[in-house]
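Welcome! Have a look at the model, try each task, and then follow the solution.

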Amino acid sequence: MPARKKLLLGNWKMNHTIAEASAFCDSIKDTKELAKERGIQIGVCPSFLSLQTVKRKAKGIVVGAQDVSAFESGAYTGQVSIPMLQELGITWALVGHSERREYNGESNEVCNAKVKALVSHGMTAVYCCGESEEIYEKGETNAWVENQIRTGLKDLTKDDMKNVVIAYEPIWAIGTGKVATPEIAENVIGYIRTVIKSMFGKGVANRIRILYGGSVKPGNIHEIMLKPDIDGALVGGASLKADSFRELVANL
Ligand code: PGA
């Protein structure tokens, strides 16, 4: 099985002004070195407004947008297009984060259009999926997540999948301090891998990176990352401060 490089991605959500984002970049030199030594790919997803600053200042890390429009241009007030991101050298974007699904009504079909638009431009999509507490309690997580994966990644080719990362984030664990146990995360992520295998074959299933997200902290990242199917983390709150971000890298 090919080795999958571990990935630690910070999702800053609606936090950090440009000045704050800039200060973060000034204090991650050590963290970048540590990540390099340890063979871990690291990155952050700032607000659209901070992308240019972070991209310029934080050389050598992934800088991703938190969302993107599926359309090239046009009458889509408030949205940001792929060419606008590309002009800044941004080549990664999150798609379908649960907060976008919840507050902006993004369906699996909308996510699919965004993922397809990104990969067709040679960009990397971090496609987020995950179930609500209610679905989890009913024991319907796998079916729910499978539908998110099958619809969200519909019509992609094996080649397109080289530019896709999946993030499994149970909604009940996001920002709640209620982290999924490593066993729960591994079970669902292992299941996602079997769905990917049935859609795209064994090669893609073995190669694709699948992250866990939801209340990942410096104190719990290690035990989660010990699980063989989990290739890294998408981290909200604990990625905001440079110290905590460094600790995540150190403990991963
Ligand atoms: P959290 O957020 O780490 O603050 O729980 C994770 C996410 O929403 O990506």
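**Exercise 1. Find which residues lie nearest the centre of the largest pocket, and what its lining is made of.**

Step 1: Start with the lining, which has 22 residues; Phe48, Gln66, Asp67, Arg100 and Asn104 lie nearest the centre of this largest pocket. Here, on a 1 Å grid over the protein atoms alone, a pocket is an open set of points with protein on both sides within 12 Å along at least five of seven lines, a cavity is a set where a 1.4 Å probe fits but cannot get out, and lining residues have an atom within 4 Å of a point.

Step 2: A word on the model: it is predicted, so local features need pLDDT of at least 70 and side-chain atom pairs count only at pLDDT 80 or more, while totals for chains, interfaces and linings use all residues. Residues are numbered from 1 along each chain as its sequence is written, and side-chain values use heavy atoms, with hydrogens and water left out.

Step 3: The largest pocket holds about 500 Å³ of space, a volume being the space filled by probe spheres set on the points, which are joined across faces, edges and corners.

Step 4: Helix 5 gives the largest share of this lining, three residues. Helix 6 (108-120) also supplies at least two. Helices (H or I, at least four residues) and strands (E, at least two) are DSSP runs, numbered from the N terminus.

Step 5: By class, the lining has seven nonpolar, nine polar and six charged residues. Ala, Val, Leu, Ile, Met, Phe, Trp, Tyr, Cys and Pro count as nonpolar, Asp, Glu, Lys and Arg as charged, and the others, Gly among them, as polar.

**Exercise 2. Describe the largest cavity: what is its volume, and which residues line it?**

Step 1: Its volume is about 30 Å³.

Step 2: The lining consists of Gly96, Ser98, Arg101, Cys128, Cys129, Gly130, Gln148 and Glu169. Helix 5 (98-103) and strand 5 (124-129) each supply at least two of the lining residues.
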